Amino acid sequence: MNKLTKAFLIVIVSLSTLNTFAQDNKDDLEKLLGEDQPKKEYVKNAFKSNRVIQGHSMEMTGKGVLDFRILHRFGEIKGGWREMFGLDQASMRMGFDYGVHKDLTLGIGRCTFNKEVDGYVKYRIIQQSKGAKSFPVSILWISGATMQSLKTTSSNYLSDFSNRLGYYHLMIIGRKMGDKFTLQVSPTFVHRNLVATTSDNNNMVAVGIGARAKLTNRMALILDTYPIVYGAREAYNYFPLSLGVDIETGGHVFQLHITNSKGMNEKAFIGETTQNWGKGQIQIGFNLSRVFTIVKNTDTSW
Amino acid sequence: MKKLLFSLILLTSLQTQAQKYFTKTGTIIFNSKSPVEKIEGVNKATACLLDTRTGAIDFIVQIKSFVFDKQLMQEHFNENYLESDKFPKANFKGVITNHTAINFTKDGEYNAEVVGKMTLHGVTKDVKFTGKISIKSGKVTITSTQMLLLEDYKISIPNAVKDKVSKDVKISVNTTLELMK
């Protein structure tokens, strides 16, 4: 074997090993894809719907989705069997929420309680995410207005239109922790142009707390409360507290709960809850949400 | 000596002939028959690697990349059925049993049979699929339609919708691979 062939041989052998080495490296599809950067992933489904129970949740209505919501609050349970535990008296809110954009929802509704129309704008400033460039919480802003449509009489001051109006603004800061538990805090400001008595305060501040604990994929326990920190009238305004279960069935979300509040918008359940859990003044209520797809979904950011 | 050299050259040339085809943008359509509404999700980010020398074929599918017309359906697909937070990927690792009969360098169409292991929803099963492999201007297209029984992969259907959702789903694969450089 002369030197040249030897050198040639070595080159070939080393080349072939290099080759197999290179092939080995490329062998695995997983490795091939693993070269991609870790992706930012938004955290979804912190709550089953855009309301915890009474108040807004950190979830939005999806883009192009119309959420038709029917809320019912019955009479007090302690009415007993003569009142069918409150089922004889029902007040309701019928509302529509529409997702204009994944971070913008508009809503409108009408409550029988106080004969009130309400509308709101909900904007998600930032969405909780994980992975690269993640953010630990979702932050949202909601502003809404309410209008009573009660008949004008000489004694009720409603001839002045502005007296019919109320406003609410809140910020939600929420976090889904793992896939079972979600917690959110929502400082809320409520203003009513007209209040019932001079000892009532036109302005109120409450700090809402909403939580969800998933029991199964389709069922969860929920808590929604708004302790009032400013503006409550002594022995009249009580803070709303609702406890319930979320049940999901196909296209519906069904929320069954007990609550001491009849109001079904922020102004009403913060400003006009006069029932007291301590005295057993609670009632059964349910929320039913049915979504309709108006614009076809193209969201690939799952 | 010359023989040795020759065989060595032959070996290396054989090795360079080992060709791999790859894609990150294959399509998989998930389709469930339902008398009530169309349940169909389209995934256009399916990764596939094919080694024409050994016939080895791998798929990796990101569950979260399935897009449904209805957002709620997509949510249920991820949250309730496939549990994509827990099991983000489905994969298949197998071999084309008749790969030697396929000439990957020439345009043509072949029936192919693939055996291997599929992992979906955290459950791994031995599977056998049939499909078509067509070669056109250096690109390899794999198409296949299979029925999967949800039960096999421990994907449960809640009682409330048992009569609205079928027990098996149709999986259609259509992926075009390009030669890896």
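Q: Which residue of S2(B) stands opposite Ser32(B)?
A: In this predicted model, Ser32(B) has Ile39(B) opposite it in S2(B).

Q: Why are S1(B) and S2(B) called paired strands?
A: Pairing asks for at least two bridges between two strands. Strand S1, residues 20-32 of chain B, is joined to strand S2, residues 39-51, by ten bridges. The two strands therefore count as a pair, and they run antiparallel.

Q: What do S1(B) and S2(B) form, and how many residues lie between them?
A: The two strands form a hairpin, with six residues between them.

Q: What makes S2(B) and S3(B) a pair?
A: Strand S3 covers residues 56-62 of chain B, and four bridges link it to S2(B) in the antiparallel sense. Since at least two bridges are needed, S2(B) and S3(B) pair. Within this pairing, Leu49(B) faces Asp58(B) of S3(B).

Q: Which residue in the turn between S2(B) and S3(B) has a positive phi?
A: That residue is Gly55(B), with a phi of about 80°. The turn belongs to a hairpin in which four residues separate S2(B) from S3(B).

Q: How many helices and strands does chain B have, and in what order do the elements run?
A: Chain B has two helices and nine strands. From the N terminus on, the order is α-β-β-β-β-α-β-β-β-β-β.

Q: What share of the residues of chain B counts as buried?
A: Of its 181 residues, 33% count as buried.

Q: Is Phe292(A) buried, exposed or partly exposed, and why?
A: Phe292(A) has 14 C-beta neighbours inside 10 Å.

Q: Where in chain A does Phe292(A) lie?
A: Phe292(A) is part of strand S15, residues 283-293.

Q: Which residues touch Phe292(A), leaving aside its neighbours within four places in sequence?
A: Phe292(A) is in contact with Leu66(A) and Phe68(A). The C-alpha atom of Val65(A), 227 residues away along the chain, is 5.8 Å from that of Phe292(A).

Technical notes. Residues are numbered from 1 along each chain as its sequence is written. Chains are lettered from A and ligands numbered from 1 in the order in which they are written. This is a predicted model: local features need pLDDT of at least 70, side-chain atom pairs count only at pLDDT 80 or more; totals for chains, interfaces and linings use all residues. A residue is buried if 20 or more other C-beta atoms lie within 10 Å of its own, exposed if 12 or fewer, and partly exposed in between; C-beta atoms are placed from the backbone. Two residues are in contact if their C-beta atoms, placed from the backbone, lie within 7 Å.
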